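Me: Could you take a close look at one part of this model for me? I'd like to know where it sits and what surrounds it.

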Amino acid sequence: MPCKSELIRKIENIVKDKMSGLPPSHNFSHVDRVRRLALELGKELNADLEVLELASLLHDIGLKGELLGEGDHATISARIARELLAGKIDGDKLEKILDAIENHRYSSGRRPKYLEGLILQDADRLDALGAVGIARVFTSAKANTREFYNPEDPFWETNRKLDDKEFALDHFYTKLLKLEEIMNTEPGRKEAKRRTKFMIHFLDELKREVMGWNSNR
Ligand SMILES: [Fe+2]
Ligand SMILES: [Fe+2]
């Protein structure tokens, strides 16, 4: 691994500090995995790796602000990133970083303008999938207050309204199993398909354990 630049090291320490105390699903370990994923995709797609690394590190730095009711964390993160990076990197790189951060969020439905932003969005989505994705569903801030699944219909086999605030398993159906369809890049889509397949296998196994292996349900 190449020697980290002074700026990256400094930003990394600030992010670790700012995100301490957040639930395991959204703390620095998430950021670190997103960075690794983004760099892997970025190498395949010839992206600007410095832009990608800084954007990944800073994309969720505003999460605590959002929890405190200060607004959307993507907007807060972009504001903090501007404060930290202005004058320390080229203007065109800063523009790409801020656009990537501002538009990374799944629920915003926005599309970043530059390749690096599209890659960050894919990396962030990939971390919601696969073995890590499953672990994150059950370690998020909501984990202590919501049920594992709806006891009447755990695997969404009726046309009931999904409620992932109430039932953790509903989150697979409201969001996670749909992510592979909206990936931006080819390598991102390929990895999302692999991870989604693993999640479906998990759901099949869970169904067997919850409903019984002789059950047709
Ligand atoms: Fe985020
Ligand atoms: Fe994130």
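Me: Where is the place of Thr-185, and what is Thr-185 in contact with, leaving aside its neighbours within four places in sequence?

Reply: Thr-185 sits in the loop between helix 9 (170–174) and helix 10; helices here are DSSP runs of H or I, at least four residues long, and strands are runs of E, at least two, numbered from the N terminus. This is a predicted model, so local features need pLDDT of at least 70 and side-chain atom pairs count only at pLDDT 80 or more, while totals for chains, interfaces and linings use all residues. Residues are numbered from 1 along each chain as its sequence is written, and chains are lettered from A and ligands numbered from 1 in the order in which they are written.

Thr-185 counts as buried because it has 20 C-beta neighbours inside 10 Å. The cut-offs: 20 or more other C-beta atoms within 10 Å is buried, 12 or fewer is exposed, and in between is partly exposed, with C-beta atoms placed from the backbone. Leaving aside neighbours within four places in sequence, Thr-185 is in contact with Leu-41, Leu-45, Leu-118, Ile-119 and Asp-122; a contact means that the two C-beta atoms, placed from the backbone, lie within 7 Å. Take Leu-118: 67 residues separate Leu-118 from Thr-185 in sequence, yet their C-alpha atoms are 7.3 Å apart.

Leu-41, one of those partners, is also one of the buried residues of helix 2, along with His-30, Val-31, Val-34, Arg-35, Leu-37, Ala-38 and Gly-42. Their cover includes helix 1 (6–18), helix 3 (49–58), helix 7 (115–126) and helix 10 (186–211). Helix 2 itself covers residues 28–44, and its 17 residues reach 25 Å from first C-alpha to last, close to the 24 Å expected (1.5 Å times one less than the number of residues). After helix 2 comes Asn-46, with a positive phi near 55°.

Now for the whole chain. The protein chain has 10 helices and zero strands. Its radius of gyration is 18 Å, close to the 17 Å from the globule rule for 217 residues, so the chain is as compact as a globular protein of that length; the radius is taken over C-alpha atoms, and the rule is 2.2 Å times the number of residues to the power 0.38. Buried residues make up 35% of the 217. Among contacts between residues at least 6 apart in sequence, 56% join residues at least 24 apart.
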